[in-house]
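Q: I have a structure open and want to learn how to read its features. Where do we begin?

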Amino acid sequence: MSRRVTDIAVNPFEDDVVREPRDVSFSVRGLNDAPLSRLNREFSALDGGPPPRKPARAKKAQLVVSPDRGYGKSHLLGRLFGKLGRRATKVYLRPFQDPFKAWHSILLLTLQELEQPDEARRGAPRQIESLAVGTLAHVAADFIADLPNYKDAAGAVAFLRKLGAEATLPDDKTRPWFEWLSGRILDPRDIGKLTTRMHLRGIDLDGREQAWLIVLAAIALDERAGEGRRTALKWLRAESLEPEELDFLGLSAADNEVRADATAQEINDLSFRRLQGLCLLASYYRPFLFCFDQTEFYASDPALVRTLGNCIDQLYVDLRNHLTVITTNQGNWLAEILPRIAHPQRDRLSPEIMLEGIKISGARELICARLSEYDAGDEVIESFFADGWLESLFDRLNEIGVRDLLMRAAERFRALAEPGPPPPPPPLDDLFLLQVNDVRSKQALIAYSPDALMWFVKDVGKGQPGVTVSRPAHRRYVTVEWAWPDRSVFFAFEGGDHWHRWGSIAKEAVDLAEAIPGRAVRTYVFRTPDLPKVPRPSWTGTNKQIAAAEQKGFAIVALTLDQVCELHAARELYSNALQGNIPYSGAETLAFLQARFAPLLKSLAERPPSSPAGSPPQPAGNGAAPAATSNEQTPAGQPADGQVMADGAAAIELDPKRLRLVLETVREQKIVDIAAVLGRLGDETLRDPLLRSVELHPNLKAHPGPKTIFLQWRNTP
């Protein structure tokens, strides 16, 4: 029985924006092959020959320019990710928001990206695990090669070099080698030899070689939810460690380089050194690929553009073993970004790599591939191209933008399914709800993001009547202020869990409240579900400071996963508007978001300081006041079901039995509403574990819509 257009539940062409490069699975032959080859060639100069290698000087940042929106910037990054495969450690960078902590933002995004798996399969190593295993294996091989009288040194070195190239998770055969190396790292007689071998290869980590090796060993050997791994990632994030955490890993007090009350500048500087260390250690494994996308976002603030220019300069001058790619729309780049980048920094950019539009032959190939993915038969495909429809799109045109093609194809599909006048553009409310479902379906989009939270309070916060939004001067922790003639609301953004730092934040909140007698003052810090709970019951003195600060208007705002999805979706929707991905301008979209979140903004602005802590927060868009956390906390690092771990590890996935039921259901129906799948599972609370399992399975794909998420079965090679 042949299929009809009306038999296909999801419009195959509505998914016309690449939101995550790793989702790219198909490309038209010949389309943008030249830009892809150029980027691959530039990267290949960094990884010539097997590791370990001498540190390679960075190439100029590769500037990928789209003539207009919808020519496939993010799609090209996805193709580059796929082409490089395991040759590169891939990092996709959304825009930073704080010009004073740009490197800290880039470091956090880098570490969150390193938690992405090398391959879309259950149990696959994550990039950070591969980096740790690959580095340690080559360090061990160098050490053994230099040992006198070591039996079968050549065989051991060859085994370790092979292990370093494959970088699989330690098993019963390989784990003893890493445990042996861990002993050498902690032995004062051997660490000097290891450091010397690293220096001979050009790896100089400013005297922190032992600390780096200890941290990598904890990541390689510990369970993903283990204490050692959690603490190692805190060190990598440039957070201050407790004395017991240092002892647990075997780090020295000198390795705890950031004070608990460090300034933004100190944290930013250490974050840059952490990135330098990661890039240097790439000599042992594989180079980094840093991709700056959504650059339209920087144009809203000249300080952000200047900081972007500084980052491009420092990446080129001070970091090794990496290639930086920057994507942008031509009009936005020439009018709003490039003029604000200093001329010496422009020299760090490659000549423009211009993207191409799609030609009619490629358009036919893309449309056929999309229809075939949904099992449309020959009759459906033939009806789609009837009456010279495709030829009419290219009348007097040699090429068009890919997104324009997909948008016209989506209109064609709707017309065939429901003949009649074309529907109006979807309202912004539907686009927002679609974005919420999209964020929820991707773990990388729900991780703690100080940039998304800061953007929300700065840009969406400007929509309040009579408010002035600014950065308060001479303050260590708070970075945004809402001010009215009679009151102020301050915001700090802190992802760490050190007791001393939280005590200092509470003290600054009290100082702000007492600075001007009679002025109403509130201070908030947002926490997301993937972060460790604060304050902890053991923080006796700090808890008293926090309790006293709460009486002065201080609150730790514990966001729910629903709230995180809404706030992050707001920023993604606004970014889509700036890039021209939706039929609404940035100003229209921001006005919509300011109206939609007006109840929440009002509750933050007017919530009385004496509001009780610990009351359950409500979804961000409905206007309920956020709630401060209480002292009754889950133990640090222990997530509730369906949440992500504090170190970015995977959320709880479905067990094998439930996953098999999901696979059977989706394979049988081809495309199915997630509600029906949850019905088969018999538990609606499994929505987030189901989405995590879908994200990691090569045969499953999530299609977010404004009202639901459809799950699709995909045949893979």
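This is a predicted model: local features need pLDDT of at least 70, side-chain atom pairs count only at pLDDT 80 or more; totals for chains, interfaces and linings use all residues.

Q: Where is Ser66 found?
A: Ser66 is in strand S1.

Q: Is Ser66 buried or exposed?
A: The cut-off for buried is under 20% relative accessible area. Ser66 has 0%, so Ser66 is buried.

Q: Which residues does Ser66 touch, not counting those up to four places away in sequence?
A: They are Tyr71, Lys73, Thr328, Asn329, Gln330, Met354 and Leu355.

Q: How should I read the sheet?
A: Start from the general idea. Strands of a sheet pair through backbone hydrogen bonds, either parallel or antiparallel. Here five strands form an open sheet with parallel pairing, in the order S2-S3-S4-S1-S5.

Q: Which strands stand at the edges?
A: Strand S2 (89–93) and strand S5 (353–354) do. Each has a single partner strand, so one side of each is left without a neighbour in the sheet.

Q: How many bridges join S1 to S4?
A: Five bridges link strand S1 (residues 62–66) with strand S4 (residues 322–329). The two strands run parallel. Take Val64 as a case: its bridge partner in S4 is Thr327.

Q: What does helix H3 touch on the sheet?
A: Helix H3 (residues 102–114) packs against S2 and strand S3 (288–292). The directions of H3 and S2 make an angle of about 130°.

Q: How do I read a nonpolar core?
A: In soluble globular proteins, nonpolar side chains tend to be buried together. In this model, the largest nonpolar core has 89 residues. Leu236 and Phe288 have the most contacts inside that core. A second, separate core has 47 residues, including Phe297, Leu428, Val460 and Ala570.

Q: Which residues are in contact with Phe288, leaving aside neighbours within four places in sequence?
A: Among them are Phe43, Val91, Leu114, Leu131 and Leu278. The list also includes Thr89, Thr110, Asn321 and His322.

Q: What is the phi of Asn32?
A: Asn32 is not a glycine, yet its phi is positive, at about 55°. Asn32 lies in the segment before H1. With a relative accessible area of 5%, Asn32 is buried.

Q: Where should I look for cis peptide bonds?
A: Check omega. The bond from Pro51 to Pro52 is cis, with omega near 0°. Pro52 is in the loop between helix H1 (33–44) and S1. Val534 and Pro535 are also joined by a cis peptide bond, with omega about -5°. Pro535 belongs to the loop between strand S9 (520–527) and helix H22 (540–550).

Q: How do I judge confidence?
A: Read the pLDDT. The protein averages 88, and 92% of the residues score at least 70.

Q: Where is confidence lowest and where highest?
A: The lowest is in helix H16 (residues 378–384), with a mean of 86. The highest is in helix H24 (residues 586–596), at 97. Now look at residues 609–650, where the pLDDT is below 50. Beyond near neighbours in sequence, that stretch has 108 contacts in the model.

Terms used: Residues are numbered from 1 along each chain as its sequence is written. Side-chain values use heavy atoms; hydrogens and water are left out. A nonpolar core is a set of buried Ala, Val, Leu, Ile, Met, Phe, Trp, Tyr and Cys residues joined through side-chain atoms within 4.5 Å. Buried means under 20% relative accessible area, exposed over 50%, partly exposed in between (1.4 Å probe, protein chains only). Contact means heavy atoms within 4.5 Å. Two strands pair if DSSP finds at least two bridges between them. Helices (H or I, at least four residues) and strands (E, at least two) are DSSP runs, numbered from the N terminus. Axes are lines fitted to C-alpha atoms, for helices over the stretch in contact, and angles run from 0 to 180 degrees between N-to-C directions. pLDDT is the predictor's confidence in each residue, from 0 to 100.
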